[in-house]
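Welcome! Open the model in your viewer, and we will walk through it one selection at a time.

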Amino acid sequence: MIKDLLVTNNNKIIFLILDGLGDIPNPEYAYQTPLEAAKKPNIDRLSTKTGILGRILPVDIGVTPGSGPGHLSLFGYDPIVYEIGRGVLEVLGLNMDLQDGDLAARANFCTIKDGIVTDRRAGRIATSETERLCEMLTRAIPEVEGAKIIIKPGKSHRFAIIFRSKGLSDKLTDADPHKDNKTFTYTTPKTGEAEFASKVVNAFITRALDVVKNEKIANGVLLRGFSEKPDIPSFSVNYGLNALAIATYPMYRGIAKVLGMDVNEEPKDYSEMVKILKDNYNKYQFFFMHIKETDLAGEDGNFPAKVTAIENVDKIVPEIYALDPQALIITGDHSTPCPMKGHSWHPVPLLLITKTGEQDGITFHEKNCIQGSIGTIYSKHLMPLVLAHAFKLDKYGA
């Protein structure tokens, strides 16, 4: 129905997504959340004078989302209907050549001791170290079981792999315990058709462990998010909007590419993000700006770092809003509470800065968002709401 109501105009929409923004009251910090504790005068000024608040549920009540489903839902794609594996997102974000029939995987270097994964992120080793280790793996393992192996380093401890062969399937369990201090694990096939793929992946893991076994910290590898090239309708077709993604981390650039958004330069910092936004402002109607630091701090359980990340974003908000978007949305893809050190099912705070004259008159944080006029909605319903505030939807019916 939304497609039938779309109105063409040049009104601008900006999504400023603070990854993992949502949090829960922390008893160590006067039962505040980082968003509540942060000094963010620019965001709060907009929130009070021209903002309406609410909360979004990325998937469903009580369901903890991954970053892929969280972002798909933000852009109006039901994450239950459209499932994209993290492997695909990672390899596309790294500009790897993903072909039909390829099997993609997201990977970490990790630390293993006596068969136990003591640190899934290998101390967040430097990107230069990951580049060195990936070169070692590429030289040592060009193929396994007749499958070509293509490896590319990402940021810090992350890298991506493409397995290229006939007969591969993505119906595999993750070769990753997902928590520190758990037993190292291999992948297993979920169906009979994935037995060959499981054999290929496990053969690679075995050889990779041998290659890095003498490393002091990054002496193991974890693989997850096995996936194949998806078939998904483009964002521009769904909404009639030219869209630009401005993101540093490969996975989020990958999400944008899957949806058909343009992904041009890779910004080094927030200043470059704003410059890219300004330089391209007349060419697009929709902008997706991704901030990763809030999520990293949440996963580390670092309350002060998450506060600082929010405060740093607040500094660039005046330049963004000075461009005069019809609607500016500040929210997250999911919650990453510091006390939990990981993604959670908690609703995500939402701020919609609008030109309709509506205002809730309150500052932006989780407790106030409970009182906001938007209420609690599913993330997949956010895009229609934003399109309406951007005057891009016509009346329904006579």
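Leaving aside its neighbours within four places in sequence, which residues is Asn26 in contact with? Select Asn26 and you will find Tyr31, Gln32, Phe303, Cys338 and Pro339, where contact means heavy atoms within 4.5 Å. Asn26 sits in the loop between β1 (13-18) and α2 (34-37), and is buried, with a relative accessible area of 7%; buried means under 20% relative accessible area, found with a 1.4 Å probe on protein chains only.

A word on the model before moving on. It is predicted, so local features need pLDDT of at least 70 and side-chain atom pairs count only at pLDDT 80 or more, while totals for chains, interfaces and linings use all residues. Residues are numbered from 1 along each chain as its sequence is written, and side-chain values use heavy atoms, leaving out hydrogens and water.

Helices (H or I, at least four residues) and strands (E, at least two) are DSSP runs, numbered from the N terminus.

Finally, select Leu133, Met136, Leu137 and Ala140 in α6, which meet Arg207, Ala208, Val211 and Val212 in α7.

Methods:
Buried < 20%, exposed > 50% of the residue type's maximum accessible area, 1.4 Å probe, protein only.
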